[in-house]
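Biologist: Could you walk me through this model before I set anything up with it? I'd like to ask about the chains one after the other.

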Amino acid sequence: MRTYFESYAVLGALLLVGGGIVAGGLAANRLLRPNRPTAEKLTTYECGVDPVGENWAHSYVRYYVFSYLYVVFAVDAVFLFPWATVFSAPGYGMTTLGEMFVFLGFLAAGLLYAGKKGVLSWV
Amino acid sequence: MIQGIDYAAIAPPLILAVAAIGLLLADAFDAPRRLLGLLSAGSLAAALIAVAALAPGDRRATFCLPDGLRSGGPRSCSYVADDFTLLFQGIVLAAAVVVVLLSLQEITDSDIPAGEYHFLILAAVIGALTLVAARDLVLLVVALETLSLPVFALVGLRRYDGTASEAALKLFLVSVVSAAVMLFGISLVYGATGAMHLDRVAPALERLPADLDPVAAAGIVLVLAGFAFKVAAVPFHFWAPDVYQGAPLPVAAFLSVVSKAAGFAGLAIVLALGFPAYAHIWGPVVGVLAAVTMTLGNLLALRQNTAIRLLAWSSVAQSGYMLAPLAVGDRRLPEAVAATTAYVALYAVMNLGAFAVVIGFNRRHGSVRTAYDTLDDYRGLARSSPAVAAALAFFLICLAGLPPGVMGLFAKIVVFRATVAGGVTWLAVVMAINTVIGLYYYLVWAARLFTAGSGARYDAAPGLPVRAAVAAAATAAVVLSIAPQIVLQTVTNAT
């Protein structure tokens, strides 16, 4: 067990060195630079344009449905890849092909439901 | 290399799965609400018939390990339809039919989307059916989540209602935490034993090296915690009253009967088939859980003055009674599992009956919809509608375990006998004291039915489905009170 924890000592040393470099650089910067703030300089930098509005901004909540649908299909598509590598191998055949279409049928039912409920139409 | 699937064994969940998809599409194509309810109740009844057809046959098992991967071990099937499974599937399905009957009017009244409601109920029932048949840890967790996830949505389905949203959020958070705890426990058990199938976990635990002993013990206690949430045992009980109050009442009935029965089946499967070697660890833990659960549930039920919260706390207390036999550990474990099963079966009947009456009453409660009704509103129910009042009084007496309700008395005696036979006498004493506390609040409620009337009226018909549900539960309660040995014989044969 000793050697196991010792191997973490390197990690700890690395963290210390890394932190030291960043902190040292920032500290040196602070000591060397002149500091003359004005109101202009303290505004939020937004690519040279004057910042508009508050920091609290609304985003369109309707997008969440699309992201849900995307997640459903992206996650379920994962199952297609292992299937694609074996379905033509000896010992599988038509049953395997049929099973995947049953699975796809379930997904399609979800899409059909979402479509009929008006989720996919853009307003 | 294609795995053969025994479609007869998985027929009950399969029927419901096809029906659920059909329901969802039917709703999308604007099928009338009536048809959806009919389809939902019909598919549950079809699944119940499938269970009944499977019951006389042999033990069926499917999704087993293929020969090449078995390496000389046991058969290791993930899904087993034996007598125990079929008994619990029968209980779950019968209770679910009653819940659907109770929901029909509520869906119209509370403006709940009908298609989604029935779809979610069916999805949750599929989870419950799979849970009681699961014999490996992965399928158990997946089934438990399939049972839990739709229920969050069901609880929050009454939109623009603050209490419902709060209840849904609370249930969600507690459930997610307990699922995480349980998964952690399973990962420890898997790490220690290297097996996921319960028939491999059990022998591996018996010959576990000493240095892995604490790992396995911690894992087992954490798995126990996951089920403790499902059955609302004490450290994970506090969601119950708020959720029961905020949820549509039929969903509360579902939680307190279907979900709880499935949870107890899962607990019994895991403890009896998977972890008998560690009975010296989980036995005392279950014993303490049971004692604290029943005591706290009963003491807090004493202080409730609304019907639904009283039922919620009393169902927490009843969970304690159901847990109690399992505290015996591996001494006479089959007998203990039989006792728990019998209690769950009897409890399902009486509690559903009480919920059915409360749902009917809540709907009739004046023109103003209140979220709940106080116990005082039940005054004089015996005069305005004697049949319903008699039914409710009978259910309450059964729940309390007093003589006219032989069913409840019998359930308590079975549990007592198993606990004493297993040598956990202190728990039997705690149970006896708790039964007396329970008597008080059930009887106070029952007595109110026969006092002079308050303003609330139960005069209008509560709708045919609700009335049918009350009648079915009352008939079952009376039959089981006359011949309680039916349940015991079935249960003893099955376990």
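Here is our chat about the two chains and how they meet.

Biologist: Okay, what kind of model is this, predicted or not, and how many helices and strands does chain A have?
Modeller: It's a predicted model, so local features were kept only at pLDDT of at least 70. Going from the N terminus, chain A reads α-α-α-α-α. That comes to five helices and zero strands.

Biologist: What radius of gyration does chain A have, against that of a compact globule of 123 residues?
Modeller: The C-alpha trace of chain A spans about 75 × 60 × 25 Å along its principal axes. Buried residues make up 0% of the chain. A compact globule of 123 residues would come out near 14 Å, but for chain A the radius of gyration is 28 Å.

Biologist: How many Å separate the centres of domain 1 and domain 2 of chain A?
Modeller: Chain A is split into domain 1, covering 2-42, and domain 2, covering 63-116. Taken over C-alpha atoms, the centres of these domains of chain A are separated by 49 Å.

Biologist: Now chain B: what is its radius of gyration, and what does the globule rule give for 495 residues?
Modeller: Chain B has 20 helices and two strands. Its radius of gyration is close to the globule-rule value for 495 residues, so chain B is as compact as a globular protein of that length. The C-alpha trace spans about 70 × 55 × 40 Å, and buried residues make up 58% of chain B. The two values you asked for are 22 Å for chain B and 23 Å from the rule.

Biologist: Which helix gives the most to the side of domain 1 of chain B that touches domain 2 of chain B?
Modeller: In chain B, domain 1 is made of 1-169 + 235-269 and domain 2 of 278-495, with 23 Å between their centres. The contact involves 28 residues of domain 1 and 39 residues of domain 2. On the domain 1 side, helix H4 (83-109), helix H10 (239-246) and helix H11 (249-274) of chain B each supply at least two residues. The one that gives the most, with twelve residues, is H4(B).

Biologist: How do the residues on that domain 1 side divide into nonpolar, polar and charged?
Modeller: We're still on the side of domain 1 of chain B that touches domain 2 of chain B. Its residues divide into 19 nonpolar, five polar and four charged.

Biologist: What about the strands of chain B: which residue of S2(B) is the bridge partner of Ala61(B)?
Modeller: Strand S1 (residues 60-64) of chain B runs antiparallel to S2(B), and four bridges join them. S2(B), residues 77-81, is mostly covered, with five of its five residues buried. The partner of Ala61(B) is Val80(B).

Biologist: Is Arg135(B) buried or exposed?
Modeller: Arg135(B) sits in the loop between helix H5 (114-133) and helix H6 (137-155) of chain B. Its C-alpha atom is 6.7 Å from that of Cys77(B), 58 residues apart along the chain. Among its contacts are also Asp199(B) and Leu273(B). Arg135(B) has 24 C-beta neighbours inside 10 Å, so it counts as buried.

Biologist: Asp30(B) has a phi near 60°; is Asp30(B) buried or exposed?
Modeller: That phi is a positive value in a residue other than glycine. Asp30(B) lies in the loop between helix H1 (11-28) and helix H2 (33-54) of chain B. With 8 C-beta neighbours inside 10 Å, Asp30(B) counts as exposed.

Biologist: Last one: on the side of chain B that touches chain A, how many residues are nonpolar, polar and charged?
Modeller: The contact takes ten residues from chain A and seven residues from chain B. The chain B residues divide into no charged, no polar and seven nonpolar.

Notes: Residues numbered from 1 in each chain as written. Chains lettered and ligands numbered in written order. Predicted model: local features only at pLDDT ≥ 70, side-chain atom pairs only at ≥ 80, totals over all residues. Rg over C-alpha atoms; globule rule 2.2 N^0.38 Å. Buried ≥ 20, exposed ≤ 12 C-beta atoms within 10 Å, placed from the backbone. Domains from an automatic or database assignment. Pairing = 2+ DSSP bridges. Contact = placed C-beta atoms within 7 Å. Nonpolar A, V, L, I, M, F, W, Y, C, P; charged D, E, K, R; others polar. Lists of a residue's contacts leave out its neighbours within four places in sequence.
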